[in-house]
Amino acid sequence: MAIPRFEYDYTLSDGRDVELLAVTPSEFLLGAKDAGPEPAAAVRGPKVMRYVLRFSLRKVDGEAVNYTTLDADGFKRCIPRTRDVLALEAVCAQIHTPPDSAFAAVVQSLSCASSDGPEVWTATLPSVGAGPDGVALPVRKVVFQEVSPATVEDAIREASLSAKSEAAQNFYGIMANCARSIVSVDGVPYGRETLKGKGWDSLFSVKDTFLLGAVYD
């Protein structure tokens, strides 16, 4: 089952309504790359979310918008007030960032099976919400296998070469590391080749990706 992409509504300070859609991990990564390098950590997060908004915003006051129409001039035309831009950055962060309780829960769910070979770790990802029928979707069991130090280094190297943006490197690093370590999801085998691009998007949301990063760490 494909991960559902939930829609969200928000009202700007001038009374106009906007519609947002949860972005895929691939879209989030592109937004982080577009944001470019940023040495100030306090600026980096909000700046990334501003670029992610280009993928997330779908309607502004009833007008359909998308990544292409929301270039610098288009974004300024649709969202002219700084206070609204800052508010939407915070909304976008809330949509795509797990709460601290979710990080604690997924780490607490970890169990380890040790043998003569590599360790095998199982983590439980929370339900992503309800399906089209209104029934809550089940939690997911993700199994990781211990990898070699050289494999860890390969993933770090791949992430560092993937973009100039620190945020993009970090997010890509989660996927690059986990793709080398995940062996199954809900009993279905997966590997690095099947966990690329749309393969990752079909299994995990942006929130899931951050949670899996905590598991891998």
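In which crossing, left-handed or right-handed, does α1 pass α2? α1 passes α2 in a right-handed crossing, the near helix being turned clockwise from the far one by less than a right angle.

This is a predicted model, in which local features need pLDDT of at least 70, side-chain atom pairs count only at pLDDT 80 or more, and totals for chains, interfaces and linings use all residues. Residues are numbered from 1 along each chain as its sequence is written, and side-chain values use heavy atoms, with hydrogens and water left out.

**Stop 1: α1 and α2**

Select α1 and helix α2 (residues 41–56). Helices here are DSSP runs (H or I, at least four residues), as are strands (E, at least two), numbered from the N terminus. The two pack at an angle of about 130°, with axes 8 Å apart; axes are lines fitted to C-alpha atoms over the stretch in contact, and angles run from 0 to 180 degrees between N-to-C directions. That angle makes α1 oblique to α2 (under 35 degrees is roughly parallel, over 145 roughly antiparallel, 65 to 115 roughly perpendicular, the rest oblique).

Now show the side chains in contact, meaning heavy atoms within 4.5 Å. From α1 they include Phe 28 and Leu 30, and from α2 Val 48 and Tyr 51. The residues of this contact divide into 9 nonpolar, 1 polar and 4 charged (nonpolar: Ala, Val, Leu, Ile, Met, Phe, Trp, Tyr, Cys and Pro; charged: Asp, Glu, Lys and Arg; polar: the others, Gly among them).

**Stop 2: α1 and α7**

Pro 25, Phe 28, Leu 29, Ala 32 and Lys 33 of α1 meet Ala 167, Ala 168, Phe 171, Tyr 172 and Met 175 of α7. This contact has 9 nonpolar residues, no polar ones and 1 charged.

**Stop 3: Leu 70**

Go to the loop between β4 (63–64) and α3 (72–78), where Leu 70 is found. Leu 70 counts as buried because its relative accessibility is 1% (buried is under 20% relative accessible area, exposed over 50%, partly exposed in between, with a 1.4 Å probe and protein chains only). Leaving aside residues up to four places away in sequence, Leu 70 touches Leu 53, Arg 54, Leu 57, Val 65, Phe 75 and Cys 78.

**Stop 4: the cysteines**

The structure holds 0 disulfides, a disulfide being a pair of cysteine sulfur atoms within 2.5 Å. For Cys 78, the nearest cysteine sulfur, that of Cys 92, is 16 Å away.
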